[in-house]
Amino acid sequence: MNVEDFERHWIGRIVCDLESRDDEKIVFSTAKTPSGPIHVGVGRELIYCSVFEKLLRERGRKTEFLFFVDDFDSLKSFPPNIPKDFSSHKEFLGRPMYMVPCPYNHCESWGTHYAQELIETFPDFGLHPKIIWSHELYQTQEMKNLIRLALDRVGDLRKIMVEVVGPTLQQNQLEKFKKEMENWYPCLVVCENCGRLKPTRVLGWDSSTDTLIYDCTACNYKGEVKVKDWPVKLRWRIDWPAKWAIFKVSCEPAGKDHCVKGGAYDTGEQIVSRVFGWKGPYRIPYEWVLLGEKAMKTHKGISFTFSEWLAVAPPEVYRYLILREEPRKHISFAPERMLQLIDEFEKTEKIYFGLEKASNRLEELTAKIVYPLSMPDKVPEEVPARLPYRFAIIMVQLIPLLGKDKVLEKCLTILKRLYKKERLKPEEVLAVEERLRMAEYWVTNYAPEELKIRITETVSKEIKEKLSEKQREALKIVLEKFKEKDWDEESLQFEIFEVGKKLGIGPKIFEAFYLIFLGKKFGPRLAPFLLSLEKEFVIQRLEEVVG
Ligand SMILES: [Zn+2]
Ligand SMILES: [Zn+2]
């Protein structure tokens with residue numbers, strides 16, 4: 001890869017910026033609050049960290065990749081689809097997530113449950129971070145000392161908050177904010193009476209006795225605790241820079257909401273350098289991953305999880321989806337468009353291996369730079385033989401007609417033909433089986449109507465009557481041509497198109513085929529569909545109509 005090309009690409013530019021840092025170790029960090037099923041939107045920062053960590057390591061730097069599970073955050077609401085007898089426990093709301101039970105009563109806590117669900121998918125996606133559970137971090141002396149430091153320097157923190165957040169507020173809001181800041185403290189205390197973290201308020205701090213005075217506006221309890229032996233949590237805007245300082249974080253990507261002027265990244269940078277004594281990380285602000293048109297929000301149940309991804313598509317396609325776009329551009333992902341995405345990825349893969357030509361400069365760079373980084377662990381030595389997804393989704397729908405074995409056999413034949421192979425390796429056969437499983441799941445859960453196939457047992461009288469003279473004539477011509485030889489997809493598709501054109505019925509010829517095979521006017525791309533059926537069956541069906 002040409003150095004100039006690389007440095008002009010956004011990935012190369014960030015690598016250069018990071019390389020210029022004089023940190024002894026380049027530490028990447030990212031975090032997630034396990035407030036419910038964790039959706040693939042959060043993966044943007046995970047993939048960035050894993051990619052830059054790898055690239056910096058390859059350039060001889062010492063590196064580390066951290067993933068914080070923010071399970072000390074309080075649970076704000078129950079996402080939809082939580083068991084009813086569980087979500088009736090309103091007293092759990094406001095508690096730290098590591099102190100809320102698992103909603104399915106099968107592991108330690110709410111926090112563990114949803115974090116673990118995500119973490120279990122990490123190896124598949126090529127993510128190998130060191131996992132840090134916030135509630136454990138908060139028990140360390142280092143963190144307790146930072147809490148004390150933040151409390152001792154509450155005056156400076158209040159000043160920074162007003163200085164950074166102030167300019168983004170309207171005059172009347174500003175007055176209110178300044179007033180609030182007069183009694184503001186950088187931490188929250190778990191209420192000794194009701195177990196809630198929110199909404200507690202710290203009322204005073206005595207450093208000589210390590211004591212915090214607080215009250216809880218939920219249960220009206222008022223009490224005193226010592227930092228050394230009670231769970232105390234820094235507020236989010238202070239918690240973030242505290243972690244940067246403890247781990248000397250060099251880079252943390254963040255969603256655009258945290259990166260706005262006066263946002264948590266801005267206050268964090270001031271706090272970490274002026275109070276906690278670390279220069280702070282390099283920012284990579286990024287846009288949302290949209291599910292269709294909507295932003296993914298765990299608490300609203302707009303979600304598509306990592307394990308759901310693995311059920312329908314390979315992890316490298318996800319990494320590709322994230323990496324082919326610059327961080328400042330939003331990514332729109334819709335499970336029903338998975339087919340197109342996989343096609344694009346496989347085209348890029350073929351360009352990388354020199355089997356297809358890039359049609360423009362961008363495609364070429366994406367193949368050279370993004371493709372190898374999309375592979376979770378290592379880049380294969382030769383192009384992997386992949387059964388086209390488009391074909392797999394037709395084939396799995398033919399299982400009721402042909403049986404599982406026949407379908408697999410047909411898929412293997414197609415794969416051998418596509419990749420010009422005499423025989424397939426065992427792992428290639430396994431890959432076909434896996435693709436069929438994914439396609440089956442996708443068809444059941446996400447396929448749009450036009451890709452659903454159910455072959456009718458016979459052609460009904462109504463359908464026979466529906467066909468025009470020209471359509472019948474067209475079917476007859478195609479039938480004769482179809483019998484002549486073994487067709488491949490492209491030439492058959494072209495031939496059918498030509499027949500339609502010659503008879504002046506255009507796309508109505510395709511409609512005729514869909515009607516007699518599927519009983520509806522539309523269906524998957526015709527030639528691959530016909531070729532995936534038994535030749536005899538196709539002939540028989542056509543003869544039934546025009547014979
Ligand atoms: Zn659990
Ligand atoms: Zn309370």
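**A helix, a sheet and a domain contact**

Just after helix α24, G519 takes a positive phi of about 75°. Helices here are DSSP runs of H or I with at least four residues, strands are E runs of at least two, and both are numbered from the N terminus. The model is a predicted one, where local features need pLDDT of at least 70, side-chain atom pairs count only at pLDDT 80 or more, and totals for chains, interfaces and linings use all residues. Residues are numbered from 1 along each chain as its sequence is written, while chains are lettered from A and ligands numbered from 1 in the order in which they are written.

Back to α24, which covers residues 508–518 and is mostly covered, with eight of its eleven residues buried. A residue counts as buried if 20 or more other C-beta atoms, placed from the backbone, lie within 10 Å of its own. In α24 these are I509, F510, E511, A512, F513, L515, I516 and F517. They pack against α21 (461–466), α22 (469–484), α23 (489–502), α25 (526–532) and α26 (535–546); contact here means C-beta atoms, placed from the backbone, within 7 Å.

As for the protein chain as a whole, its secondary structure comes to 26 helices and 13 strands. Its C-alpha trace spans about 100 × 55 × 50 Å along the principal axes, and 38% of its 547 residues are buried. Of the contacts with a separation of 6 or more, 72% come from residues 24 or more positions apart.

Three of the strands make an open antiparallel sheet, in the order β5-β6-β7. Strands pair if DSSP finds at least two bridges between them. β5 (200–206) and β7 (222–226) sit at the edges with a single partner strand each, so one side of each has no neighbour in the sheet. β5 and β6 (residues 211–216) pair over six bridges in the antiparallel sense, and R201 has D215 in β6 as its bridge partner.

The chain also splits into domain 1 (3–180 + 235–286), domain 2 (295–374), domain 3 (389–447) and domain 4 (461–546), with bounds from an automatic or database domain assignment. The centres of domain 2 and domain 3, taken over C-alpha atoms, are 22 Å apart. Nine residues from domain 2 and six from domain 3 take part in their contact. On the domain 2 side, α13 (306–312) and α15 (338–352) are the elements that give two or more residues, and α15 has the largest share, with four residues.

Terms used: Contact = placed C-beta atoms within 7 Å. Buried ≥ 20, exposed ≤ 12 C-beta atoms within 10 Å, placed from the backbone.
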